[in-house]
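Have a look at it first.

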Amino acid sequence: MTPDSPDPTRTPAPEPDDRSVTELVFDVSERASVLVREEIELAKAEISEKVGKLLRGSAVGVAAGAFAFLALILIMEGVAWLLNEQVFDNSWAGFFVEAAIFLLVAAGAGYFAYRSVQAGAPPVPDQAIEEAKLTRAVLEGESDGTQAASPGKADAARGASDAGGAGPR
């Protein structure tokens, strides 16, 4: 077989004008299923990113609670020494200094945990939802007989919505 000779087992792709309605319906359904799969993948990626943020925030929140618990132990120990001695010879001041340091660390970690949980909650796939809305608007525009938005217009609309705060975080 020469490179110029056609492959007898391969049928040439029909020209767009030569395709039957069945082939066109099959092509549309295949493209729609690919689009749905891509939307699902985008939603999965968004959910996993937000769940990761929630887990990091929760882990730091647990650490903040541990530091607050240690600070409570040190404060209680310091108060016990203070009441025991009832004299200000600074033998107990170190406990309060350590407790203050632990409380500062716990406050910083608690603030970080709060911000992380707020950034990740609720884990809703915002980008996938926005993309699905744009796709629906384009498909409804075609089914109503109106002219569908060109790719440039859809990208411009997407860029405008991203500028409004719906973009990646």
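The accessible surface of the protein chain comes to about 12400 Å², and 65% of that belongs to carbon and sulfur atoms. Such areas come from the Shrake-Rupley method with a 1.4 Å probe, and for residues only the protein chains shown count as cover. Keep in mind that this is a predicted model, where local features need pLDDT of at least 70, side-chain atom pairs count only at pLDDT 80 or more, and totals for chains, interfaces and linings use all residues. Residues are numbered from 1 along each chain as its sequence is written, and side-chain values use heavy atoms, with hydrogens and water left out.

What is the chain built from? It has four helices and zero strands, running α-α-α-α from the N terminus on. Helices (H or I, at least four residues) and strands (E, at least two) are DSSP runs, numbered from the N terminus. Of the 169 residues, 16% are buried, meaning under 20% relative accessible area, with exposed over 50% and partly exposed in between (1.4 Å probe, protein chains only).

Now for some aromatic rings. Rings of Phe, Tyr and Trp (its six-membered ring) pair if their centres lie within 6.5 Å; planes under 30 degrees apart count as stacked, over 60 as edge-to-face and the rest as tilted. The count comes to one aromatic pair: Phe-67 and Phe-102, tilted, 5.7 Å centre to centre with 35° between the planes. Phe-67 lies in helix α1 and Phe-102 in helix α2 (residues 93-120), so the pair ties together parts that are 35 residues apart in sequence.
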